Amino acid sequence: MLVRIINRSAFSLPQYETTGSAGMDLRANLEAPIQLAPLERTLVPTGLFIELPIGYEAQIRPRSGLSIKKGLTIVNSPGTVDSDYRGEI
């Protein structure tokens, strides 16, 4: 499967960190730290843009460690990236 990726972030492309990893870690592409008030929500840019083949999707899921330790999660988890979406992840 061919997936076109544009990386406008300061980081390398996501990769599997261990042989048993089910997914890859996305990194926030930030110029300054984000501070959230209780129950506040925000979009966090990654600097990544992908072009998936028709009929496929990508999913963004929270990491269990960050969710339980820091209370960080994804509002519409899992986040779906449709094959026709062309914006920033």
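Reader: Of the contacts between residues at least 6 apart in sequence, what share joins residues at least 24 apart?
Author: This is a predicted model, in which local features need pLDDT of at least 70, side-chain atom pairs count only at pLDDT 80 or more, and totals for chains, interfaces and linings use all residues. Residues are numbered from 1 along each chain as its sequence is written, and side-chain values use heavy atoms, with hydrogens and water left out. A contact means heavy atoms within 4.5 Å. Among the protein's contacts between residues at least 6 apart in sequence, the share joining residues at least 24 apart is 52%.

Reader: What percentage of the 89 residues is buried?
Author: Buried means under 20% relative accessible area, exposed means over 50%, and partly exposed lies in between, using a 1.4 Å probe and protein chains only. The C-alpha atoms fill a box of roughly 40 × 30 × 25 Å along the principal axes. Of the 89 residues, the buried ones make up 12%.

Reader: How much of the accessible surface belongs to carbon and sulfur atoms?
Author: Accessible areas come from the Shrake-Rupley method with a 1.4 Å probe; for residues, only the protein chains shown count as cover. The protein's accessible surface comes to about 7,300 Å². The part belonging to carbon and sulfur atoms is 54%.

Reader: How far apart are the centres of the positive and negative side chains?
Author: Lys and Arg count as positive, Asp and Glu as negative; His and the chain ends are not counted. Each charge is placed at NZ of Lys, CZ of Arg, CG of Asp or CD of Glu. There are 9 positive and 9 negative side chains, and the centres of the two sets are separated by 6 Å.

Reader: Which residues line the largest cavity?
Author: On a 1 Å grid over the protein atoms alone, a cavity is a set of points where a 1.4 Å probe fits but cannot get out, and lining residues have an atom within 4 Å of a point. Grid points are joined across faces, edges and corners, and a volume is the space filled by probe spheres set on the points. The structure holds one cavity of 30 Å³ or more, and the largest has about 50 Å³ of space. Its lining is S9, F11, S12, P14, D25, L26, R27, T46 and L48.

Reader: Which residues does V3 touch, leaving out those up to four places away in sequence?
Author: V3 sits in the segment before β1 (4-7). V3 counts as partly exposed because its relative accessibility is 30%. Beyond residues up to four places away in sequence, V3 touches I50, E51, L52 and P53.

Reader: Where is the cis peptide bond, and what is its omega?
Author: Most peptide bonds are trans. S77 lies in the loop between α1 and β4, and P78 lies in the loop between α1 (64-70) and β4 (79-82). The cis bond joins S77 and P78, with omega of about -5°.

Reader: What is the phi of L39?
Author: Most residues other than glycine have a negative phi. L39 lies in the loop between β1 and β2 (48-51), and L39 counts as exposed because its relative accessibility is 74%. L39 has a positive phi, near 65°.

Reader: How far apart are the C-alpha atoms of L43 and I89?
Author: L43 is in the loop between β1 and β2. L43 counts as exposed because its relative accessibility is 79%. L43 and I89 are 46 residues apart along the chain, and their C-alpha atoms are separated by 9.6 Å.

Terms used
On a 1 Å grid over the protein atoms alone, a cavity is a set of points where a 1.4 Å probe fits but cannot get out, and a pocket is an open set with protein on both sides within 12 Å along at least five of seven lines; lining residues have an atom within 4 Å of a point. Helices (H or I, at least four residues) and strands (E, at least two) are DSSP runs, numbered from the N terminus.
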